[in-house]
Structure formats: structure tokens, C-alpha cells
Amino acid sequence: MASGTALIVGVGPGLGLALSRTFARAGHPVAMLARDKAKLDTYAAELASYGQEVRGYTADVADADNLRAALHSAVTELGAPEVLVYNAGVVRHDAPLGGDDKDWADATAVNVLGARVAADAVLPTLRDGRGSLLFTGGGLALFPSPEYASLSVGKAALRAYVQALHAQLAGTGVHATSVTIAGLIGAGEERFDPEVLAQAYLELHQQPEIEWQHELLRD
């Protein structure tokens with residue numbers, strides 16, 4: 001039986017592209033979601049050599065209706081998914097006080113709400129009602145920074161959300177877990193290399209149910 005679709009939300013040149021490459025190489029059709037259509041088209045052409053259908057779908061993760069529509073299009077065109085990877089996030093310098101209210105609202109929409117919207121949209125479409133919902137977390141969830149306040153709050157909230165989701169889905173055949181990456185992706189350390197991290201996501205998806213946990217910590 002052919003593998004189900006992998007939905008990768010938040011695809012850029014680092015971890016997102018590595019995730020798309022890894023799941024395509026493992027035999028999954030891949031839907032890549034991001035805002036930049038030109039880059040998505042370039043990535044899709046690059047991954048065509050893996051023999052799986054890989055398509056890009058423009059999506060503004062901060063817009064819940066737009067994200068739902070993009071996910072619906074991907075599932076309709078590529079088939080029922082086996083795995084969702086929510087890899088979107090807003091990384092910027094900001095402080096716990098001051099700043100613009102809208103900037104915080106927009107960051108929260110991407111860092112937290114988008115994860116819930118994506119999970120809620122994808123869960124009913126999983127092939128045979130089984131699969132994986134994987135979320136990219138960060139070390140700031142454990143060690144908040146006053147220089148990256150909104151991201152610290154967002155990753156902490158995402159971690160709590162995934163723990164709650166994991167508990168709710170226990171026994172249903174759906175694996176919900178976060179990958180808490182406590183380091184700089186692509187900064188030269190092998191354990192934080194995008195390809196190495198992407199392989200860890202694939203291994204999470206392939207885990208036997210007895211090994212499922214709410215979190216994988218990479219530090």
C-alpha cells in the first residue's frame with residue numbers, strides 16, 4: 001500500500017525543506033505550505049527527482065480560514081494524509097513589555113493558534129483514522145528569553161497544547177508529539193543539522209505506538 005500524504009506547514013530553506021525532502025524520500029506524497037509561491041515552486045521542482053508527487057500550497061498561517069483552505073486543497077489533490085508537521089513560527093526580537101499589540105497577536109496566531117487550526121483540520125482526514133501530528137517546538141519553551149519574549153511564550157504554549165492533545169488522543173491511533181529543539185538549527189552542530197532533525201521526525205512517525213510520548217527533546 002502506498003504511503004499517505006505528508007503535510008508540511010511552514011516550509012523554508014532550512015528545516016521545512018529538509019522535512020519535505022525526508023518524507024518524499026521515504027515514499028510520501030508531500031504538500032508544502034508557506035506564503036512564498038515562487039520558493040515553493042522551486043522546492044517542488046528540486047524534490048521531483050524522488051519520484052513522489054510534491055506540491056506547494058500558498059498559505060498564510062496567521063489566517064485560520066486561509067490555512068484550512070490550503071490544507072483542504074492539499075488533501076483533496078494529494079490524498080488522505082498520514083502525517084502533519086506544523087513547523088511554522090515567528091522569530092523576532094521583542095521584550096515582555098512594550099511593543100505593538102498587533103505584532104504580539106500576529107505572532108501568537110502563527111506560533112500557537114495555527115497549530116490548533118492545522119490539527120483540527122487534518123485530524124478528521126487522516127487515512128484510516130491513524131497517523132501522526134508533529135509540531136516543531138523550541139528550547140525557549142523551557143528557558144524563556146526576555147529578548148525573544150513572544151517566541152518564548154509561543155513555544156511554551158505550543159508545548160502545553162501538544163501535551164494536552166497527546167493526552168486527548170491516547171488510544172485513538174493518532175500520535176501527537178512536539179520536537180523541542182533546544183539549539184540553533186543549521187548553525188554547524190550535527191545534532192541540529194536540518195537533515196538530521198528531519199530524520200528524527202520521520203522516525204517519530206514510524207515509531208510503534210508503545211513508544212509514543214508527548215515530546216522529543218533535542219538538546
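Biologist: Is asparagine 87 buried or exposed?
Modeller: Buried. This is a predicted model, and in it asparagine 87 has a relative accessibility of 15%. Buried means under 20%, so asparagine 87 counts as buried.

Biologist: Where is asparagine 87 found?
Modeller: In a loop. The loop runs between strand E4 (81–86) and helix H4 (101–122).

Biologist: What does the side chain of asparagine 87 reach?
Modeller: The backbone oxygen of glycine 10, at 2.9 Å.

Biologist: And which residues is asparagine 87 in contact with, leaving aside neighbours within four places in sequence?
Modeller: Val9, Gly10, Leu15, Gly16, Leu19 and Thr136.

Biologist: New topic. How many salt bridges does the structure hold?
Modeller: There are 12. Side chains of opposite charge can pair when their charged atoms come close.

Biologist: Pick one. What does glutamate 195 form a salt bridge with?
Modeller: Arginine 21. Their closest N and O atoms are 2.3 Å apart. Glutamate 195 sits in helix H6 (residues 194–206) and arginine 21 in helix H1 (residues 15–25), so the bridge ties together parts 174 residues apart in sequence.

Biologist: Is arginine 21 buried or exposed?
Modeller: Arginine 21 is buried, at 13% relative accessibility. Glutamate 195 is partly exposed, at 31%.

Biologist: Now the rings. How many aromatic pairs are there?
Modeller: One. It is phenylalanine 135 with tyrosine 161: the ring centres are 6.2 Å apart and the planes are at 85°. Planes over 60 degrees apart count as edge-to-face, so this pair is edge-to-face.

Biologist: Where in the chain are phenylalanine 135 and tyrosine 161?
Modeller: Phenylalanine 135 is in strand E5 (residues 131–138), and tyrosine 161 is in helix H5 (residues 149–169). They are 26 residues apart, and the pair links distant parts of the chain.

Biologist: How covered are they?
Modeller: Phenylalanine 135 is buried, at 0% relative accessibility. Tyrosine 161 is partly exposed, at 21%.

Biologist: Last one. Which residues make the nonpolar surface patch?
Modeller: Leu142, Phe143 and Leu217, with about 290 Å². Leucine 217 lies in strand E7 (residues 215–218). Leucine 217 is partly exposed, with a relative accessible area of 40%.

Note on methods. Residues are numbered from 1 along each chain as its sequence is written. This is a predicted model: local features need pLDDT of at least 70, side-chain atom pairs count only at pLDDT 80 or more; totals for chains, interfaces and linings use all residues. Side-chain values use heavy atoms; hydrogens and water are left out. Patches are made of residues with over 30% relative accessible area and no salt bridge: like charges are joined within 9 Å, nonpolar side chains (Val, Leu, Ile, Met, Phe, Trp, Tyr) within 5 Å. Accessible areas come from the Shrake-Rupley method with a 1.4 Å probe; for residues, only the protein chains shown count as cover. A salt bridge is a side-chain nitrogen of Lys or Arg within 4 Å of a carboxyl oxygen of Asp or Glu. Helices (H or I, at least four residues) and strands (E, at least two) are DSSP runs, numbered from the N terminus. Buried means under 20% relative accessible area, exposed over 50%, partly exposed in between (1.4 Å probe, protein chains only). Rings of Phe, Tyr and Trp (its six-membered ring) pair if their centres lie within 6.5 Å; planes under 30 degrees apart count as stacked, over 60 as edge-to-face and the rest as tilted. A polar contact is a pair of N or O atoms within 3.5 Å; within protein, one must be able to donate a hydrogen and the other to accept it, and residues adjacent in sequence count only if both atoms are side-chain atoms. Contact means heavy atoms within 4.5 Å.
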